[in-house]
Amino acid sequence: MTGAALALCVAGFMGLCASMKRHQPSFLGRRLGAGASMALRIAGFFTLGAALVIDLLAAPVGQGAIYWCGHLTVGAILTVFALEVRKRASAKR
Amino acid sequence: MKTLRRAMAEFHTWTGLLLGWLMFAMFTTGTSAYFLHEITRWMEPEVVDVASSPSDAANRAVAYLERNAPQAASWFITLPDERRVRTEVRWRSGERGVPQEVRVLDGGGEEVGARETKGGYFLYRFHFDLHFIPALWARFLVGIAAMFMLVSLISGVLTHRAIFTRFFSLSWGKGVTSWFDAHNMTAVFALPFFLMITYTGLVTLAYLYMPFGGMANFTDGGYFALAYPRPPTTEAAGEAASMAEIGAMVSDAQAIWGGVPPETLDIRHPGDRNAVVHARRSRAGSIGTRMPTLSFSGVTGEPVGEVVRPYHGPLQAESVLVGLHAGRFASVGLRWLYFLSGVLGMAMIGTGLVQWTARRRRRLASDGRRHVGFWIVERLNVVTIAGLGAGLGGYFLANRLLPLELPKRAEWEVHSLFIVWAAVGVWALVRPARRAWPETLALASAIYAAVPVANAFTTDRGLASSLASGDGVFVAFDVMMLLLGGAYGVAALVSSRSARSKVSIRARGQRPAAELPSAAEAS
């Protein structure tokens with residue numbers, strides 16, 4: 001179950017990253033409109049919240065929030081890796 | 001708002017810098033402490049993992065003590081658990097000034113001729129007691145550093161508008177911007193951890209820093225008697241009696257505590273009619289750290305009393321905050337998350353320190369003078385970031401390379417850490433900084449890479465054989481050493497490349513010739 005929470009954290013941060021104008025050209029290859037960006041942002045935060053719910057349910061009693069903080073950290077790091085990989089790929093093209 | 005932000009930026013710069021090097025050392029050694037027992041296991045390769053239940057281990061430990069220390073006034077047993085594979089027995093003759101005897105037993109209760117080492121415990125103690133200075137001074141110094149850390153974190157958050165706009169941003173090879181992005185990223189990604197670890201770290205020593213409430217409300221020792229109650233002391237009857245089976249007491253305690261076994265057994269007056277066994281509950285599995293102690297009559301084996309930590313709100317809160325800091329409750333997976341957050345903390349402090357020099361290098365260089373402050377910061381950065389890294393590698397390497405029969409071997413392992421660290425320090429002082437970085441980072445890389453090699457040659461538990469036998473702790477340790485070696489190696493390459501590119505700019509005459517002492521020597 002902690003794997004599922006971690007996956008949601010990665011997905012949530014990737015959604016947030018894709019919602020940022022600054023990163024859209026390198027991460028998605030194109031710019032999104034304001035509406036789509038906002039939808040991605042909301043979905044990203046919602047997904048991070050869903051990860052918290054799973055952690056609260058799955059982790060040992062009282063430790064859900066601790067797991068969530070750790071999962072957030074890993075999710076953000078993996079998102080940066082993904083963004084870097086995309087940047088390099090688009091720089092080659 | 002603008003002035004507040006500017007004031008906070010200034011504040012952040014100086015609170016972060018002033019004790020940043022100490023914070024880096026505390027973060028590094030403290031992070032290693034999440035794997036304290038695993039590091040000790042690697043540093044005691046003679047101790048092999050023989051599974052045994054807590055009650056079996058207790059029985060074997062008592063059998064060993066009856067054979068080897070029948071006259072002792074007290075025995076102290078630390079039982080093995082999932083992370084510790086050894087039983088540790090200590091005894092005391094009862095006379096003042098005679099140090100405790102310590103022996104390590106394996107799961108079968110046999111004494112292991114384990115090499116003398118302080119293991120992971122030294123690194124854990126270093127992160128708040130430091131070394132070479134009295135522990136009390138160290139704890140005050142560490143407390144001041146932690147307080148600086150806390151205000152740096154808060155002022156950093158208030159300062160950086162860029163936290164959200166530059167989220168996920170990394171830039172490579174852009175000087176100050178690159179360092180800023182890396183500092184920003186590492187700081188934000190584990191910010192809840194940093195706030196928690198710094199605050200709870202202060203809480204662990206809160207009474208030392210703020211004793212006034214306790215002093216005002218309690219007379220001598222009353223505070224400690226209330227906060228840390230101990231089982232009553234008993235006198236020996238002076239009459240020999242045979243002891244009840246200790247394993248049964250361990251099982252009883254385990255049943256009373258809902259399956260959680262004792263971690264330590266403190267046996268007073270063994271072999272006497274008044275023998276008492278104090279069993280302290282293991283801290284595994286609950287966040288709080290203050291655990292009850294169950295006392296048994298050593299002769300009848302019946303429980304005679306339990307000392308429970310009082311359920312005062314503040315004491316419970318303290319117990320949980322300390323538990324959050326130490327992470328002893330954490331499963332292996334969560335332990336790695338703690339470790340990763342600690343590594344990010346090291347990166348945050350390291351990138352912050354380097355950023356200080358990166359921001360000033362160009363500005364200060366243009367006026368052609370030598371700046372003492374800049375010089376000191378630049379050198380201390382090398383000494384701390386590359387030097388401590390190399391020193392820790394030296395500590396592990398010394399564990400494998402020092403002769404087993406060397407007198408005071410454990411002390412010499414510790415000395416090795418500081419000898420390597422000091423050597424890097426001297427190197428950083430005599431070399432131009434741009435050269436010192438790649439050279440010392442390469443040294444650290446080589447030391448870490450040598451650790452698994454030394455392990456394979458001096459023990460039969462090298463990486464190949466521990467992979468074959470599925471020994472997770474040894475595999476993880478050796479792989480971690482290789483990863484650290486690789487990381488320091490990459491850092492050495494990157495820093496040597498950037499040093500070279502800066503030299504070439506200067507060679508083309510785009511910088512004033514008298515910029516820094518390194519300029520003339522490097523070109």
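**Exercise 1. Find the loop that holds Lys408(B), and decide whether this residue is buried or exposed.**

Step 1: Go to chain B and look between α16 (372-401) and α17 (409-430); Lys408(B) sits in that loop. Helices here are DSSP runs of H or I with at least four residues, strands are runs of E with at least two, and both are numbered from the N terminus.

Step 2: Before going on, note that this is a predicted model, where local features need pLDDT of at least 70 and side-chain atom pairs count only at pLDDT 80 or more, while totals for chains, interfaces and linings use all residues. Residues are numbered from 1 along each chain as its sequence is written, chains are lettered from A and ligands numbered from 1 in the order in which they are written, and side-chain values use heavy atoms, with hydrogens and water left out.

Step 3: Lys408(B) has a relative accessible area of 57%, so it is exposed. The cut-offs are under 20% for buried, over 50% for exposed and in between for partly exposed (1.4 Å probe, protein chains only).

Step 4: Now check the backbone: phi of Lys408(B) is near 55°, a positive value in a residue other than glycine. Most residues other than glycine have a negative phi.

**Exercise 2. Describe how the rings of Phe35(B) and Trp336(B) are arranged.**

Step 1: Start with the whole structure, which holds 33 aromatic pairs over all chains. Rings of Phe, Tyr and Trp (its six-membered ring) pair if their centres lie within 6.5 Å; planes under 30 degrees apart are stacked, over 60 edge-to-face, and the rest tilted.

Step 2: For Phe35(B) and Trp336(B), the centres are 4.6 Å apart and the planes are at 50°, so this pair is tilted.

Step 3: Phe35(B) is in the loop between α2 (20-32) and α3 (36-43) of chain B and Trp336(B) is in helix α15 (residues 332-365) of chain B, so the pair ties together parts that are 301 residues apart in sequence.

Step 4: Phe35(B) is buried at 12% relative accessibility, whereas Trp336(B), at 35%, is partly exposed.

**Exercise 3. Work out what the side of chain A that touches chain B is made of.**

Step 1: Pick out the contacts: 23 residues of chain A meet 22 residues of chain B, where contact means heavy atoms within 4.5 Å.

Step 2: The area buried between the two chains is about 1,800 Å², and carbon and sulfur atoms give 70% of that. Buried area is the accessible area (1.4 Å probe) that two parts lose on being put together, summed over both.

Step 3: Two elements of chain A give two or more residues to this side, α1 (2-19) and α4 (64-92). The largest share, 15 residues, comes from α4(A).

Step 4: Sorted by class, the side of chain A that touches chain B has 12 nonpolar, seven polar and four charged residues. Nonpolar covers Ala, Val, Leu, Ile, Met, Phe, Trp, Tyr, Cys and Pro, charged covers Asp, Glu, Lys and Arg, and the others, Gly among them, are polar.
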